[in-house]
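Here's a quick briefing on how the ligands sit in this model. Have the structure open while you read.

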Amino acid sequence: MKILAIETSCDETAMAIVEVKKDGKKVKFKILGSEISSQIAIHAPYGGVFPALAKREHIKNLPIVFEKVLKQAKLKIEKINHIAVTTGPGLEPALWTGIVFAKELALKYDIPIIPVNHMEGHVFSIFPKKGKAFTVDLNQKIFPMLSLLVSGGHTELILVKDGMKYKKIGQTRDDASGEAFDKVARMLDLPYPGGPEISRLADIERENNISSDIILPRPMIHSKDYDFSFSGLKTAVLYLIRDLQKENPNVLEDINIKQKIAREFEDAVVEVLVYKTIKAIKEYKIKTLIVGGGVSANKYLQEMMLKKIKENKLKTKVHFPSRELTGDNALMIAIAGYFGIKNKKSRSPIKANGNLQL
Ligand code: KG4
Ligand code: ZN
């Protein structure tokens with residue numbers, strides 16, 4: 001079976017084509033093509049994704065990415081058996097562009113459409129490793145799974161039971177972790193997207209290993225639930241910068257200060273994410289942990305997660321996506337789409353839902 005996947009939920013126009021073969025309980029995927037057209041440069045001046053612009057760019061990019069992915073796969077559209085398309089969550093005007101494109105193809109070439117939840121895509125993003133082929137083996141031994149999904153729009157802890165049944169056990173009550181990285185980066189005059197920039201400065205500061213008197217809160221770390229909150233942390237950075245500027249209006253020209261703030265901010269975010277994840281692993285006796293979404297590229301988060309799993313003597317297997325699949329891509333949509341067909345999710349409506357839940 002060949003699946004064409006389309007992803008336009010945010011600021012990446014992405015398409016992928018996979019060939020799927022079932023071998024007992026194992027499912028073998030061959031990547032025939034995968035293309036991503038990023039709009040980062042277009043949104044950078046706004047410090048975040050600008051929905052109307054994203055829509056315009058997707059409409060422009062979709063036919064180009066489509067031609068590219070078919071060429072890469074050396075295929076004609078007639079050979080495609082299913083079209084998987086992201087229907088949410090995300091920016092609705094952006095989601096619609098991918099859905100309309102998928103519907104036009106489906107009508108013209110008589111191909112069934114499978115609606116895919118973007119977050120389920122991030123869960124499946126950990127399976128492709130290096131190379132053009134990979135196997136997904138959803139044997140019972142890997143369950144219960146826990147998924148920490150951290151991106152520009154989401155921060156949630158999802159319990160995944162056998163049969164890929166999802167239950168959200170916690171989420172951010174305000175800003176997403178990636179959003180907090182982006183907003184704090186803007187306060188520090190760093191370019192968008194802020195995550196990689198903050199992380200780079202924080203790493204330099206950690207290497208310098210000089211003690212710092214900058215202290216930021218760890219919001220909700222000891223709350224009884226699995227929820228998060230990053231808006232207060234962002235405001236704490238704002239007040240900190242304001243106080244420092246009262247003493248020296250040019251304080252942000254001092255790269256050492258920026259590094260110190262970046263480090264303490266990253267420490268705070270990572271500490272809360274890791275603490276709550278470990279707590280959930282213990283409570284739900286989790287066998288497999290999946291960390292996905294743009295923020296999962298964060299090296300310090302990866303390091304601390306592995307360190308705390310070891311310190312707590314947990315046997316949980318931990319998976320992060322390969323670097324190029326931490327952000328939005330269509331390959332993860334193709335995999336989730338395949339399992340969607342199996343789980344009869346293909347009967348859900350094919351319409352954009354910005355707040356679609358798992
Ligand atoms: O999953 P993604 O590509 O798009 C969304 O669906 O939001 O995530 C993008 C987010 C941005 O907020 C970006 O700043 C953040 O992921 N990000 C990072 C890192 N790389 C990307 N945050 C922290 N550390 C990183 N290394
Ligand atoms: Zn995403």
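Gly178 puts a polar backbone atom 3.1 Å from an oxygen atom of ligand 1, which counts as a polar contact (a pair of N or O atoms within 3.5 Å). This is a predicted model, where local features need pLDDT of at least 70, side-chain atom pairs count only at pLDDT 80 or more, and totals for chains, interfaces and linings use all residues. Residues are numbered from 1 along each chain as its sequence is written, chains are lettered from A and ligands numbered from 1 in the order written, and side-chain values use heavy atoms, with hydrogens and water left out.

**Holding ligand 1**
- A backbone N or O atom of Gly294 lies 2.9 Å from an oxygen atom of ligand 1.
- Asp328 brings a polar side-chain atom to 3.2 Å from a ligand 1 oxygen.
- On its own ligand 1 exposes 550 Å², and the protein buries 87% of that (Shrake-Rupley method, 1.4 Å probe).

**The shell around ligand 1**
- Of its 19 residues, Gly152, Asp182, Gly195, Gly294 and Asn298 come nearest (a residue is near if one of its heavy atoms lies within 4 Å).
- Ligand 1 lies between domain 1 (2–125 + 327–347) and domain 2 (145–321), because both give residues to the shell; the bounds come from an automatic or database domain assignment.

**The zinc ion (ligand 2)**
- His118 (NE2), His122 (NE2) and Asp328 (OD) coordinate the zinc ion at 2.1 to 2.2 Å (donors are N, O and S atoms within 2.8 Å of the metal, or 3.2 Å for Na, K and Ca).
- The donor residues are spaced H-x3-H-x205-D in sequence.
- His118 and His122 are four residues apart in helix α4, so about one helical turn separates them (helices are DSSP runs of H or I, at least four residues).

Notes: A polar contact is a pair of N or O atoms within 3.5 Å; within protein, one must be able to donate a hydrogen and the other to accept it, and residues adjacent in sequence count only if both atoms are side-chain atoms. Helices (H or I, at least four residues) and strands (E, at least two) are DSSP runs, numbered from the N terminus.
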